[in-house]
Every structure is written in structure tokens, then in C-alpha cells.
Amino acid sequence: MTATYWQAIDRFRAFARAEPARPAVIYPDGTAPDGLPVYRTLSYRELDDWSDTIAEQLTASGVGSGTRTIVLVLPSPELYAILFALLKIGAVPVVIDPGMGVRRMVHCLRAVEAEAFIGIPPAHALRVLFPRSFRRVRTVVTVGKRWFWGGPTLASWGRTPTGALPERVPADPADVLVIGFTTGSTGPAKAVELTHGNLAAMVEQVHTARGEVAPDTSLITLPLVGILDLLLGSRCVLPPLIPSKVGSTDPAHVVDAIERFEVRTMFASPAVLIPLLRHLEANPAGLRSLGSIFSGGAPVPAWCIAGLRAVLRPDAQVFAGYGSTEALPMSTIESRELLDGLVERAHQGEGTCIGRPSDRIEARLIAITDEPIATWPEARALAGRLEHSRGIGELVVSGPNVSTHYYWPEQANIAGKIADGAVTWHRTGDLAWIDDQGRIWFCGRKSQRLETADGPMFTVQVEQIFNSLPGVSRTALVGIGAAGTQRPVLCVELAAGADRGATISALLARATAFELTKTIEHFLVHPGFPVDIRHNAKIGREQLAVWAAKQVRAL
């Protein structure tokens, strides 16, 4: 096999040559007497040398182009050095959220038949406990203290290469570069193939979304964004966080990092942004450097966007983004457009506007069906069904950053992809409609739709009608009973200090005012919704449906 590498890495190397002392990764390392993190810095030259060292050692151990390599390492400078090393030698990092649960994770990792394993000690302990799931692994590297298994530690390799890496040729854009697992929060976890071309396109699309302005300094809460920003010359600041509990990130630490390092842009889920807003409202801070915030992972509440606009500098931009493991980004919308009448439309039951398709992304709608659609002519033949769902259909997308294939399971390719000549359309599993200005209005997940005797009901479309009421923190629509005769139930999280009785009365009155919601009879207060692992923001409506069914039976 020809020795290859990801050509976009040349961007990073150019920064390392031109500005070797420029900080690349700024990371927490301990706590100061005042309780705030102590930070250390890794420069572009140091990260380039360190990743060259790792690449050199991995190559010597037989890891190279196409080698599937499980990476289970916490967000840290070590993670970035490992990922850059793998990308430099054309190996294929396999990344997954450990928070999905041990058995589910082991089942998923078994399917990729990885040949190398780089992880922290608990990850290796898992590998030893489930040897059949990792039987093809030949190269193991421990990040941290090695226990009773073999193989080198990352630290034993040092950070200085013995020489320049051997010359490699750029890989074909269609070659697989990364395998990333979906969280499985709204369906079975799937192994997504992202190609060299997909990731290269993401770099350009992120740059375009920022108006082609260099990020300068970024606050990073998602490692993929850190990789992309390092290719754009950013100083990447990693605040203290726990990947499986992003919502527990201390907003005071986020504010400190923004002010200390003059952060210009940040990407975060609503689970980070909502506590940040509340902290800033209680403890005003200038944050004069912060020019843009990009939100993703789940719809960010409109009140949070409006609140951030109020506490940030007047010209700051707040973007609500939409994307997935298979396609990031798919669309964005800036706060000024969103708050100029579109939020009010959401509260009237039109869904949540998630903006126009991102650069070079094409979006279409297909009829709602759980059946496979092999080709675009088949999708076109079903178009008449859209009138039975009020023009709302499943969103499908294509573009240079959109994954066209799942590594596993094969059934996911049958269910989730549509062939259209040379183009492959990705079925997002999201329900939406597209207005005459090309804006996408998100109405909910296809798998979470309700099929009632009165017709379909879509979660987000309905919930937005209620979420603006005083006393309501958020709501979740679920169905109980068999498809076709499901009964709608609205689960409610109350705001702090809310009057339970008054809030339920307001919800009942609101329901009768809209055709979409007049059939809802049950409003159940829940102490705290289950959420997804990766962003701590997507509501686990499947779990809520089980809970709601028990509550209604007990009435």
C-alpha cells in the first residue's frame, strides 16, 4: 500500500514553520489558590514535533495508511498530538463516546476490527476484560501509567523525533480518514466513515461560516472543532470539562478562560451556554474579546440566544448551528435574523428555524417513511405523501462534507442513504420544512414522531408552542400506546420557583388555542429530563415515553 497522509495537515505544518512559538493548545494543569485553573501552553512547533515523534513510533510498530486505530483519550494536549500523528501517516482514528455505556461501546468497537489501540488506563482495562472484541489489535499504547498489560506508554516515546518523517503522498479524497460513532441517543449507534475529502471540506466550511476571518483564539469544547481550528492557525483553549458531563462545566472557568486568553470565538452546546448565560447575568463580565459563539448539539433556546446577545458586546455574533456526526455543519443562522420575528413564528407552531444550508450543502425533503429508499426516483415517487404531513418531510442533504457511507452496520447504509447518480443523499432522520427563502425549519426527529388517530404530531414543532410560557423550563412531547392510536403527553420541566398549579393551568389553556395541540390532555411534571451523552442537550424522549406511560396508568 502507498504511504499516504491527510493533505490538510500541510496547513498546520505551515503555521508551525512560520510561527513556531505560537501557542497551539492551552490546557488546564492543576488549580491555583484562588480556585481557578492553572494553564500550560503547547506551541505549534512543540505539537508538530510531538506528533512527528508519535507518527515515527507508530510507523515502526506497523501502523500506517488505513490502519484502524481506536483512540480513547480525554481532551488534552496528548489527544491532539495523537490525532495529528495518525493523520500524518494516513491511519484511521476510531473515536467513540465512552458515556454510551461499557457494553454498548465494546459492541460498537468490536465491529470496526481495529488493529491498534491508544488509550488511558481504564480503556486498556476494558480491552483486557473483553479480549474477543479487540482480537485484531496488535499495537497498544498507554496514555498515562501502564498497569499489567504490555506495550509502551506515550510518555516513553518522548516528544522529539529522530528525524524528518518519510515522504508520503496525499491520500485520495475518497479514502476513509476517521471513523466516528454516533452517540446512539436517538437510535442505534452507527460507525460513520468520514473521508479525507469530508474533513478537508469541513475546514473550509468552518472558515466560511466565520466570514473567512481567522479564529485567532478559540475556546474548544469538542475535539473535532479543535482539529479544524488548529488547521486555521488558532490558539485553542481547553477549559476544564468532563466529556460525558459537559453540562457540569463550571461557567466561572469558561469566563476566566475567555478573559485570560482573549478568546475570539467558541463552539459549545446549550448545556454549556445556558449555565454561562446565567453566570454572566449574575456576575457581569465584559468579555470584550469574544466576537462569535457557535452553538450545536441540540437546538439552543431562543431566550438563551437573546440573553447572550444582551450580555456580550453589541457587535458579537451568536450562531445556532445544525449538524451531525455524518455532516458538520449542515446549516447555521445568526441571532439577528433569528430574533427578527422567527422565534415568534416558532412559538406559533412552525418549528425551529435552523437557517440556510451551509456552504456547498444542498438540502431537500422526502416523504416521511421508515422504509429504505434506494434511489432518488423512488424518493420522487413518494413526494405526494408530503401533503398528508402538512408539507413536513425528512430532511436529506448532500455536499462535500457529508458522509456517504457507514462502516457499520451495513443496514444503516440501506436505511440512511439514497443514490442519485454520482450523488449520495444522506437521510438525516430529522423532520423539517423549507420556506421560500431557503431556510430550514426543524420539527423533530423522525423516530420520535407521534402517530395519533388525528394524524402525525412532531415533537419540536409542538414543544415550541409551550416553551415560552412563564414557569416552563422546557417540555417534551411523547406518545403512549400503539402507532396510529398514540395519545400525546407533554412532559414538563418547571423553571426554578415556578408555581406548579399555575403553570399546568397555563399549559392547558395554551393547548386549546392551537389546532396542533388541542388533543393533548396530559401534562406531567418531570424532575429532570434525560439527555444525550455528547452534548448533554438532546432530550431522551424514548425514556420519557416509558415514564409517562406509567404515570398515566397510575392516574
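A crossover is right-handed if, with the strands pointing away from the viewer, the path from the first strand over the helix to the second runs clockwise. Helices (H or I, at least four residues) and strands (E, at least two) are DSSP runs, numbered from the N terminus.

This is a predicted model, in which local features need pLDDT of at least 70, side-chain atom pairs count only at pLDDT 80 or more, and totals for chains, interfaces and linings use all residues. Residues are numbered from 1 along each chain as its sequence is written, and side-chain values use heavy atoms, with hydrogens and water left out.

**View 1. Strand β13 and its β-α-β unit.** Strand β13 (residues 265-268), helix α9 (residues 270-282) and strand β14 make a right-handed β-α-β unit. Strands β13 and β14 (residues 292-295) pair in the parallel sense over four bridges; two strands pair if DSSP finds at least two bridges between them. Here Thr265 stands opposite Ser292 in β14. Strand β11 (residues 217-219) also runs parallel to β13, joined by two bridges. Leu219 stands opposite Met266 of β13. Which way do the side chains of β13 point? Thr265 and Phe267 point one way, Met266 and Ala268 the other, and all are buried (under 20% relative accessible area, with exposed over 50% and partly exposed in between; 1.4 Å probe, protein chains only).

**View 2. The seven-stranded sheet.** Seven strands form an open sheet with mixed pairing, in the order β7-β6-β4-β5-β9-β10-β20. Its edge strands, β7 (139-142) and β20 (405-408), each pair on one side only. From one strand to the next, the twist averages 25°.

View 3. Strand β4 (residues 68-72) pairs with strand β5 (residues 92-95) in the parallel sense, over three bridges. Ile70 stands opposite Val94 in β5. Helix α3 (residues 77-88) lies across β4, β5, β6 (116-119) and β9 (176-181), running at about 170° to β4. Axes are lines fitted to C-alpha atoms, for helices over the stretch in contact, and angles run from 0 to 180 degrees between N-to-C directions. Helix α4 (residues 102-112) packs on the sheet too, touching β4, β5, β9 and β20. Its direction makes about 105° with that of β20.

**View 4. Helix α6 against helix α7.** Helices α6 (residues 196-209) and α7 (residues 223-230) pack at about 75°, with their axes 10 Å apart. They are therefore roughly perpendicular to each other (65 to 115 degrees; under 35 is roughly parallel, over 145 roughly antiparallel and the rest oblique). In contact (heavy atoms within 4.5 Å), Leu199, Met202, Val203 and Val206 of α6 meet Leu224, Leu228 and Asp229 of α7.
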